[in-house]
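Me: Could you take me through this structure one feature at a time, giving the general idea before the particular case?

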Amino acid sequence: MTIVQTLNQFMRKTPTWTLYLAGVIPVAALTLQLFNGQLGIDPVKTLEHELGEIALQLLIAGLAITPIRNAFGLNLIKFRRAIGLLAFAYVVMHLGVWLFLDMQLLMEQILKDLVKRWYITIGMFGLLLMIPLALTSNNLSLRKLGATNWRKLHKLTYGAALAGAIHYVILVKGWQLEPLIYLAIVVLLLAMRIPPLKRVRLV
């Protein structure tokens with residue numbers, strides 16, 4: 001039995017609830033750090049950034065599942081829904097920190113920033129793309145929409161991940177390496193869905 005076959009067998013036996021449980025750990029850790037004063041001189045901004053970065057990492061993880069299966073034969077499809085819902089939860093928490101703790105629900109300033117600051121506009125666009133994905137990430141929606149329509153709808157993930165990466169690139173001051181790496185990974189994962197690259201097997 002190959003390593004990939006062994007991993008696939010292990011993944012089949014692993015329940016998806018373990019992923020949801022693991023998804024709570026960063027929130028618990030950040031909350032503990034917040035109350036212990038360990039998030040630096042601007043804890044709200046740090047919390048906002050960390051939640052947003054985890055959301056982007058989860059979006060990338062979900063986006064990587066199909067290319068990984070195509071290239072290596074490793075099947076993680078059963079975890080894609082959980083990863084997507086966790087990504088949405090982290091985006092909502094990221095937004096919540098910005099609205100309630102950073103902007104303190106000052107609606108006039110919030111609306112001004114939505115128009116003035118492009119990274120916020122793009123981030124909101126990414127969130128809007130994720131809402132129908134989260135609402136239809138259940139078996140009932142799959143049956144109602146049909147497999148073909150459901151798959152078409154869930155291609156909105158591509159736009160959400162790209163919007164998240166661009167949001168991060170514009171957010172930081174100057175051309176910093178980390179956001180550019182995230183953007184490059186998203187572009188690569190999207191490119192790997194182009195038919196000639198989609199058929200490439202690495203093992």
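Me: How are helices H2 and H3 oriented relative to each other?

Reply: Two packed helices are described by the angle between their axes and the distance between the axes. Here the axes of H2 (residues 17–35) and H3 (residues 43–72) come within 11 Å and cross at roughly 170 degrees, and the two helices are therefore roughly antiparallel to each other. The axes are lines fitted to C-alpha atoms, for helices over the stretch in contact, and angles run from 0 to 180 degrees between N-to-C directions. Angles under 35 degrees count as roughly parallel, over 145 as roughly antiparallel, 65 to 115 as roughly perpendicular and the rest as oblique. The helices themselves are DSSP runs (H or I, at least four residues), numbered from the N terminus.

Me: Which residues of H2 and H3 make the contact?

Reply: Contact means heavy atoms within 4.5 Å. On the H2 side the contact is made by Pro26, Leu30 and Leu34, and on the H3 side by Pro43, Leu47, Glu50, Leu51 and Ile54. Sorted by class, this contact has 7 nonpolar, no polar and 1 charged residues, where Ala, Val, Leu, Ile, Met, Phe, Trp, Tyr, Cys and Pro count as nonpolar, Asp, Glu, Lys and Arg as charged, and the others, Gly among them, as polar.

Me: What should I know about the origin of these values before I go on?

Reply: This is a predicted model, in which local features need pLDDT of at least 70 and side-chain atom pairs count only at pLDDT 80 or more, while totals for chains, interfaces and linings use all residues. Residues are numbered from 1 along each chain as its sequence is written, and side-chain values use heavy atoms, with hydrogens and water left out.

Me: At what angle do H3 and H4 pack?

Reply: The angle between H3 and H4 is about 160 degrees, with their axes 8 Å apart, so this pair too is described as roughly antiparallel. The crossing of H3 and H4 is left-handed, a word used if the near helix is turned anticlockwise from the far one by less than a right angle, with right-handed used if clockwise. By class, the contact of H3 with H4 has 18 nonpolar, 4 polar and 4 charged residues.

Me: How many salt bridges does the structure hold?

Reply: A salt bridge is a side-chain nitrogen of Lys or Arg within 4 Å of a carboxyl oxygen of Asp or Glu, and the structure holds 3 of them. One of these joins lysine 45 to aspartate 102, with the closest N and O atoms 2.8 Å apart. Lysine 45 lies in H3 and aspartate 102 in H4 (residues 80–102), so the pair ties together parts that are 57 residues apart in sequence. Glutamate 108 forms a salt bridge with lysine 112, where the closest N and O atoms are 3.7 Å apart, and both residues lie in helix H5 (residues 107–116), 4 residues apart, which is about one turn of the helix. Aspartate 113 and arginine 117 also meet through their side chains in a salt bridge, at 3.2 Å from N to O.

Me: Is aspartate 113 buried or exposed?

Reply: Buried means under 20% relative accessible area, exposed means over 50%, and partly exposed lies in between (1.4 Å probe, protein chains only). With a relative accessible area of 5%, aspartate 113 is buried, whereas arginine 117 counts as partly exposed at 34%. In the other pairs, lysine 45 is partly exposed at 40%, aspartate 102 is partly exposed at 24%, glutamate 108 is exposed at 58% and lysine 112 is partly exposed at 48%.

Me: What can be said of phi at glutamine 104?

Reply: Most residues other than glycine have a negative phi, and most peptide bonds are trans. Glutamine 104 has a phi near 50 degrees, a positive value in a residue other than glycine, and its place is in the loop between H4 and H5. Leucine 105 likewise has a positive phi, of about 55 degrees, although it is not a glycine, and leucine 105 is found in the loop between H4 and H5. Glutamine 104 counts as exposed at 57% relative accessibility, while leucine 105 is partly exposed at 42%.
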